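Hello,

Please find below the structure I said I would pass on. My notes on what was found in it follow.

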Amino acid sequence: MHAQRTFRDIVNIGPHCLERFIDSTNAPEIKALDIELAGCSNLSGTYQVGRVTPPNHTLFYSLNGSGKILTPSGEYALPASSVIILPAHQSFEVQIDQFDETSATPDATEVTKSEASEVQDKINAGKAPRADQAPRADQEQWDIIWLNLSDCPRWQHFFDVAHPVQHDIELAGLHHAMELLYLETNSQHRQAVIPIIQQYLQHIATPVKSTHQVRLSALFAAVEKQLQFNWDIDALVDKVHYSAPHLHRLCLAQFGRSPMQHVIYLRMVRAKNLLISTQWPIAYIANYVGYSNVFTFSKRFKKSQGMPPSEFRQRQSSN
């Protein structure tokens, strides 16, 4: 039987770690979401941060590389595209993958709660490593974003999370929004980012999608990125690794459309947006969404929208 781990407030951050802090001084808009502190971090070498019964909720989202989180209930790996939800008042320790506690630097800083803010200030004031301190090529790098959220009614559901780690979570948009929040000096521009962050946070800790839903989402996200590609059922099943009948059943259940009908739906959505927002020739738009023949595109568009693309554009411009 393993002895129960003793947690401690500790900050042991090596010279190759870069962190960009977002707080109420450089982004006061985060108060609207009850975010106390957040950051975007590029970690390499030594990284060990521990908290004893923190008063706030903590989220770590792994962008690249991997780390591990130690909690009273066990140890969790956090590979890329994974998020862990650590509810308030639960002790934890976070480390970069392959961190060896036995080789921790002797200047690792254990902090009391009264000293935490002072350590924070020291981190904020830290300089980027010198060229001769660049990370070794064989060192692991872990890129993360993290947020401290107030223990308040808005985030109360974090206490009810059955599985703290969620895998294959797409939070790249949250990462970009936070980087923009850090860089933007204009208050109005920062304010515009807040609804984006709110939307992503609200979707965290909702019921996890089934494996089939995740795979379908990934498949058609790839289709949307290459609508000009000659997608057919063989290309779709090769991409998602399902049989054609199985993919057909899943698409009917998820979208109410067959796989190819959903491809056409995505193409028509893109075509409508381009007809409204650009002055591109219709033949150009047709090619852009996967139709080499403009007459075939016009026929398909009319069947979908009840009017040819030229009339659709004219009506939209007159509204």
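Which residues in α4 and α7 meet? Phe220, Val223 and Glu224 in α4 are in contact with Pro259, His262, Val263, Leu266 and Arg270 in α7; contact means heavy atoms within 4.5 Å. By class, the residues of this contact are five nonpolar, one polar and two charged. Here Ala, Val, Leu, Ile, Met, Phe, Trp, Tyr, Cys and Pro count as nonpolar, Asp, Glu, Lys and Arg as charged, and the others, Gly among them, as polar.

Some background before the rest. This is a predicted model, in which local features need pLDDT of at least 70 and side-chain atom pairs count only at pLDDT 80 or more, while totals for chains, interfaces and linings use all residues. Residues are numbered from 1 along each chain as its sequence is written, and side-chain values use heavy atoms, with hydrogens and water left out. Helices (H or I, at least four residues) and strands (E, at least two) are DSSP runs, numbered from the N terminus.

Back to α4 and α7. They pack at an angle of about 45 degrees, with their axes 10 Å apart. Axes are lines fitted to C-alpha atoms, for helices over the stretch in contact, and angles run from 0 to 180 degrees between N-to-C directions. The two helices are therefore oblique to each other; angles under 35 degrees count as roughly parallel, over 145 as roughly antiparallel, 65 to 115 as roughly perpendicular and the rest as oblique. Their crossing is right-handed, meaning that the near helix is turned clockwise from the far one by less than a right angle.

Helix α4 (residues 211-225) also packs against helix α5 (residues 233-240), at an angle of about 130 degrees and with the axes 10 Å apart. That makes α4 oblique to α5. In this contact Arg215, Leu219, Ala222 and Val223 of α4 meet Leu236, Lys239 and Val240 of α5. Five of these residues are nonpolar, none polar and two charged.

Helix α7 (residues 259-277) has a contact with helix α10 (residues 309-318) as well: the angle is about 50 degrees and the axes are 9 Å apart. This makes α7 oblique to α10. Lys272, Leu274, Leu275 and Ile276 in α7 meet Pro309, Phe312, Arg313 and Gln316 in α10.

Last, the cavity. A search of the whole structure finds one cavity of 30 Å³ or more. A cavity is a set of points, on a 1 Å grid over the protein atoms alone, where a 1.4 Å probe fits but cannot get out; lining residues have an atom within 4 Å of a point. Ile22, Ile30, Ile35, Ala38, Leu147, Met178, Leu181 and Ile197 form the lining of the largest cavity. The lining has eight nonpolar, no polar and no charged residues. Both β3 (35-44) and α2 (172-183) supply at least two residues of it.

Regards

Methods:
On a 1 Å grid over the protein atoms alone, a cavity is a set of points where a 1.4 Å probe fits but cannot get out, and a pocket is an open set with protein on both sides within 12 Å along at least five of seven lines; lining residues have an atom within 4 Å of a point. Grid points are joined across faces, edges and corners, and a volume is the space filled by probe spheres set on the points.
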